[in-house]
Number of protein chains: 2
Amino acid sequence: MRRATPVAPLDVREVEAFDTETDVLVVGYGCAGAAAALEATAAGRDVTILERASGGGGSSALSGGEMYLGGGTPVQAACGFEDSADDMEAYLLAALGPDADAEKVGLYARESLDHYRWLVEHGVPFKPSLWDSPTWVPPTDDGLMWLGENAWPYTEIARPAPRGHRVTSEGFGGKVLMAKLIDAVSHTPADVHTDTYATRLIVDGERVVGAVGRRYGTDHYYRAGAVVLTTGGFADNSDMVAEHAPQLVGLGVNSDGSDDGRGILMAQAVRAAVRHMSAGQVGISLVPGMMVRGMIVNHVGQRFLNEDVYPGLVGQAALYGQKLRVWVILDEKAYEEVPENERWGVQPHVVAETLAELEQQIGMPEGALETTVGEYNRHAANGEDPYFHKAARWLRPLEPPFAAIDVRRGMTPPEDGGADGGAAVFTIGGLRTTVDGHVLDLDGAPIPGLFAAGRATSGLHAWGYVSGTSLGDGTYFGRRAGVAAADQ
Amino acid sequence: MRRATPVAPLDVREVEAFDTETDVLVVGYGCAGAAAALEATAAGRDVTILERASGGGGSSALSGGEMYLGGGTPVQAACGFEDSADDMEAYLLAALGPDADAEKVGLYARESLDHYRWLVEHGVPFKPSLWDSPTWVPPTDDGLMWLGENAWPYTEIARPAPRGHRVTSEGFGGKVLMAKLIDAVSHTPADVHTDTYATRLIVDGERVVGAVGRRYGTDHYYRAGAVVLTTGGFADNSDMVAEHAPQLVGLGVNSDGSDDGRGILMAQAVRAAVRHMSAGQVGISLVPGMMVRGMIVNHVGQRFLNEDVYPGLVGQAALYGQKLRVWVILDEKAYEEVPENERWGVQPHVVAETLAELEQQIGMPEGALETTVGEYNRHAANGEDPYFHKAARWLRPLEPPFAAIDVRRGMTPPEDGGADGGAAVFTIGGLRTTVDGHVLDLDGAPIPGLFAAGRATSGLHAWGYVSGTSLGDGTYFGRRAGVAAADQ
């Protein structure tokens, strides 16, 4: 199937006249684009931002608003935690691997405190209080959360400290983050061209010298000293997902609907290299507070990991290892223990007085849950989980009555448009960049004039993911790309 | 890290003089290259084959020699099996998915009988006798084998028939296949330039018009009407593996040592698109005949699939789902039942009179194997496996004494150079091509003058793999690429 609007670059000699000339052209106005624009304007450059939607925000604005920060931030200190860049680096290398970008991770960890300060200076609020239970997003406005650091095996790899810095908000914090960054940009001379969809790069020989932006059906030609692609991932491009991350096909998508991979393709068309295009964040439809007090099992009733890890790790394990055929099993006491505001409206799909009855109703093999819960209870009575090493805090024998939640039914009933198959995903692979945002070509050489940051790039991650590393590396490496682009 | 010899294409205007002019330049002399050369010469074209090694064969010659063929071949008929193209297509779509290339799979299934005849006409021998037990390669010279078609859930998707056509040979058959194809090529006017490593394409505007081949340190310039890349996958390129398939990092590699992805990169440098670069075939170090009579369990003693599936599916599940921390558990009777010639020298690493003793020696949680084998035996006594649906033929309660084999120790002791970590892999993603081998660019348009086949391309597969589909699609789509290249 031929693409209607090609991504192949346009030769500058074919451009009759440029509509706009600017020093730095930032393509995409999510957190990475805003950060790049702020740094490039701070360096005294003319900046123009192109945004496909009618305003800034992108997928960043719809996110939970977690930033992975550490090394001893004031928020960590106020909550009583010590932390170091080394521990942060060790945790990220383990959690984001195998083959996480060691140079990016190391730099990100060492400069995390500085980045925290930069965010605060730009108005981003973090409340110094801890939400102390596994969750996707604190249901309160607490500003600090664990993101798997206190779960096995990471407890043996790095000294645990909570590093999820959640932008102060009721509910999801991404909108607050973007409101603050957009407000900061509005106090700079940067121009923002909304409703403008960048379709291809403009090249002069090997050098990128601009881009074509389509606005209300008309192509506008932008000449720039440097182009910074901050266009997001490709979760909304079903062809690209099928080509690069087939396990994500057919699931819900966690995005603003415009993560179509165009920026990645535009750069590949000038020979940019990509990394880890198969990798995805898998937001699974369950309540971590319920899972951690009970267990998660596959379609034949087997547990497959310690339930106190970062929930995204559960999502990946459930999708890649179990094809999402997973159930949360808990007892009445566990359900009741979960604070009302943390239940997200989720209720058990099946309840039963005995495990034999429960497994039969679910359609599991006879004996499956009796065996698994039997083993779990026998060890939990001793405060142990020799199978998967869930922390003792969450261990106690489960007692009747029992309940089960079918993850594939999702959190939102189909009548509310929530037929996501039990998960909502986004892609974390993308363009290969240096720590300064230079886009590298297939030979490992920087493409002159071309920079990128955010989910259009392969950032800190290889295969693994923890929350806060997208807004975190988007803003941090967005800033670096802005500095480097200003320098061109 | 900058690549020493760039893959970026060479402009034809920079070529002072061509050393060789040919109609069709085939790059790589494995099964796909041989098939392309045979068809292009049959169409009356001048053909030149470049091969990096000192002779043809490539990774094809080191392979088991299985070709996935069906639809009612004479070999199937002689062994008493009926088959249809529809059943073959349905099985492949299920086993190679999600998102296997439906157009390629459909065509491949419908033309499988014709392709069988073509192979036989070119001297490839298949003995009409069945090896009737799960295996990597029959330890006999039997020419037909099951490749998962008779295992659940595929038994519910398509009428089972064995379709693994193994080129007649003692042991691995790839060398026989390649000897026959190379012999066939030697009876054509095709020129073979060995010791010649293709490093980059030569382009005239958008059109590929040749390639540069390095021989003993000197660049030779080839002008061609069409170039067919049959350069193999990228399993030997550790950078590419880390970038695209990080789960395969550090494992053994199943190749001739030259699957460095160069052909894929050379094509990407002229804007070729790729698909499914993360996918891999995982040859796991175990004896299927032992596994199927016992069980395979993970590091906490859980089974995770029916042991009678195609062993490569076990390999993928063990790697992606269990990080290869898997053990084969069996009893003395099962071990003794495995024919001597099928044991590949593998002996138990741990033996014990009781499961409690066995699990303790392995280091599994107390109760782990007792629970799993207990459940297995209880159901096996009824001829059932409600957990994973292994066929009744392989089910019986396991009895003391018990044994365990640690898959990660591999089949070959380290002193024999076999430290493969328990698996040997190769990559199955690559260039996006039409069914006629045209390489497609990022916009979905054929790149003029450029064709590809074999493991340099994304063939029938998406994520899944069954044996015989590499030599199968290499030769079949190699032939089609040869025909189409001859037509340019």
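Where does B:Y216 lie in chain B? B:Y216 is in the loop that runs between β10 (207-215) and β11 (218-229) of chain B. Hi everyone, that is my way in today, and please keep in mind that this is a predicted model.

B:Y216 has a phi near 45 degrees, which is a positive value in a residue other than glycine. For background, most residues other than glycine have a negative phi. As for its surroundings, B:Y216 counts as exposed because it has 7 C-beta neighbours inside 10 Å, and the cut-off for exposed is 12 or fewer.

There is another case in chain B. Phi of B:D195 is near 55 degrees, again positive and again not a glycine. You will find B:D195 in the loop between β8 (191-193) and β9 (196-204) of chain B. Is B:D195 exposed or only partly exposed? With 14 C-beta neighbours inside 10 Å, B:D195 counts as partly exposed.

While we are on backbone geometry, let me turn to cis peptides. In chain A, a cis peptide bond joins A:G97 and A:P98, with omega at about 0 degrees. A:P98 sits in the loop between α4 (85-96) and α5 (102-110) of chain A. In chain B, the bond from B:P400 to B:P401 is cis as well, with omega near -5 degrees. B:P401 belongs to the loop between α14 and β18 (402-406) of chain B. As a reminder, most peptide bonds are trans.

Now for the sheet I would like you to look at. In chain B there is an open sheet of 3 strands, ordered β12-β19-β14, with mixed pairing. Its edge strands are β12 (252-253) and β14 (280-284) of chain B, each pairing on one side only. β12(B) pairs with β19 (residues 423-427) of chain B in the parallel sense, over 2 bridges.

How many residues of chain B are in contact with chain A? The count is 38 residues of chain B against 38 residues of chain A. The elements giving two or more residues to chain B's side are α8 (238-244), α9 (262-268), α11 (311-322) and α14 (368-380) of chain B. By class, that side divides into 20 nonpolar, 9 polar and 9 charged residues.

The same surface serves both copies, with 100% of the contact residues of chain B recurring in chain A.

Last stop, the domains of chain A. The assignment gives domain 1 (10-62 + 175-281 + 424-486), domain 2 (66-171) and domain 3 (286-409). Between domain 1 and domain 3 of chain A, the C-alpha centres lie 40 Å apart. In chain A, 5 residues of domain 1 are in contact with 4 residues of domain 3. The domain 1 side of that contact has 2 nonpolar, 3 polar and no charged residues.

Thanks, everyone, and I'm happy to take questions.

Note on methods: Residues are numbered from 1 along each chain as its sequence is written. Chains are lettered from A and ligands numbered from 1 in the order in which they are written. This is a predicted model: local features need pLDDT of at least 70, side-chain atom pairs count only at pLDDT 80 or more; totals for chains, interfaces and linings use all residues. Two residues are in contact if their C-beta atoms, placed from the backbone, lie within 7 Å. Helices (H or I, at least four residues) and strands (E, at least two) are DSSP runs, numbered from the N terminus. Ala, Val, Leu, Ile, Met, Phe, Trp, Tyr, Cys and Pro count as nonpolar, Asp, Glu, Lys and Arg as charged, and the others, Gly among them, as polar. Two strands pair if DSSP finds at least two bridges between them. Domain bounds come from an automatic or database domain assignment. A residue is buried if 20 or more other C-beta atoms lie within 10 Å of its own, exposed if 12 or fewer, and partly exposed in between; C-beta atoms are placed from the backbone.
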